[in-house]
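Please consult the sequence and the model while reading.

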Amino acid sequence: MPRRLISTGSPFEKTAGYSRAVIDGDFAFVAGTTGYDYTTMTMPDDVTRQSRNCFKTIEAALNEGGFTMADIVRATYYLTDISDVDAHFAVCGEVLGDIRPAATMLIVAGLYKPEMKVEIEVTAKRRNP
């Protein structure tokens, strides 16, 4: 299976030289994804909605590449405020509670824009049917 690039159509992907996801064989590598709501073209104020939006964007990229959320084997979370961890983890539990990928949480000084509270990146491996 050839390498395939998945895009959200954001002009920033071309400017910054990245893809939302790269499909390579049985693996999908999803780039760091922030909580931007592509339906309303807005960034919610709270980490709960941002986290849900991250997973929504990740799921769309995985689906486009022929993967499901259940294929996620690794997740890395970047949060800008330690006080948001519990709210973020609650969303992770809703979305990944049965999948339980290997995961890492990092508290960082900041993300690309100050309104960004969370960024999530995942790796998925296609399960054999």
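## Cysteines

Cys 54 has a relative accessibility of 0% and is therefore buried, a class that requires under 20% relative accessible area, with exposed set at over 50% and partly exposed in between (1.4 Å probe, protein chains only). Cys 92 is likewise classed as buried, at 6% relative accessibility. The closest cysteine sulfur to that of Cys 54 belongs to Cys 92, at 9.2 Å, which is too far for a bond. A search of the whole structure returns zero disulfides, where a disulfide is a pair of cysteine sulfur atoms within 2.5 Å. In general, a disulfide is a covalent bond joining the sulfur atoms of two cysteines.

## Basis of the model

The model is predicted: local features need pLDDT of at least 70 and side-chain atom pairs count only at pLDDT 80 or more, while totals for chains, interfaces and linings use all residues. Residues are numbered from 1 along each chain as its sequence is written, and side-chain values use heavy atoms, with hydrogens and water left out.

## Strand pairing

Helices (H or I, at least four residues) and strands (E, at least two) are DSSP runs numbered from the N terminus, and two strands pair if DSSP finds at least two bridges between them. Strand β6 (residues 118-125) pairs with β3 in the antiparallel sense over six bridges; Lys 125 in β6 is the bridge partner of Phe 27. β6 also pairs in the antiparallel sense with strand β4 (residues 72-79), over seven bridges. Here Ala 124 of β6 stands opposite Ile 72.

## The largest pocket

The largest pocket has a volume of about 520 Å³. A pocket is an open set of points on a 1 Å grid over the protein atoms alone, where a 1.4 Å probe fits, with protein on both sides within 12 Å along at least five of seven lines; lining residues have an atom within 4 Å of a point. Grid points are joined across faces, edges and corners, and the volume is the space filled by probe spheres set on them.

The lining comprises 19 residues, with Phe 12, Tyr 18, Thr 34, Tyr 38 and Met 116 nearest the centre. The elements giving two or more residues are α1 (11-16) and β3 (27-34), and β3 gives the most, with three.

## Positive phi angles

Two loop residues are described here. Met 41, which is not a glycine, has a positive phi of about 60° and lies in the loop between β3 and α2 (47-64). Arg 100 has a positive phi near 50°; this residue is in the loop between α3 (85-96) and β5 (102-107) and is exposed, with a relative accessible area of 69%.
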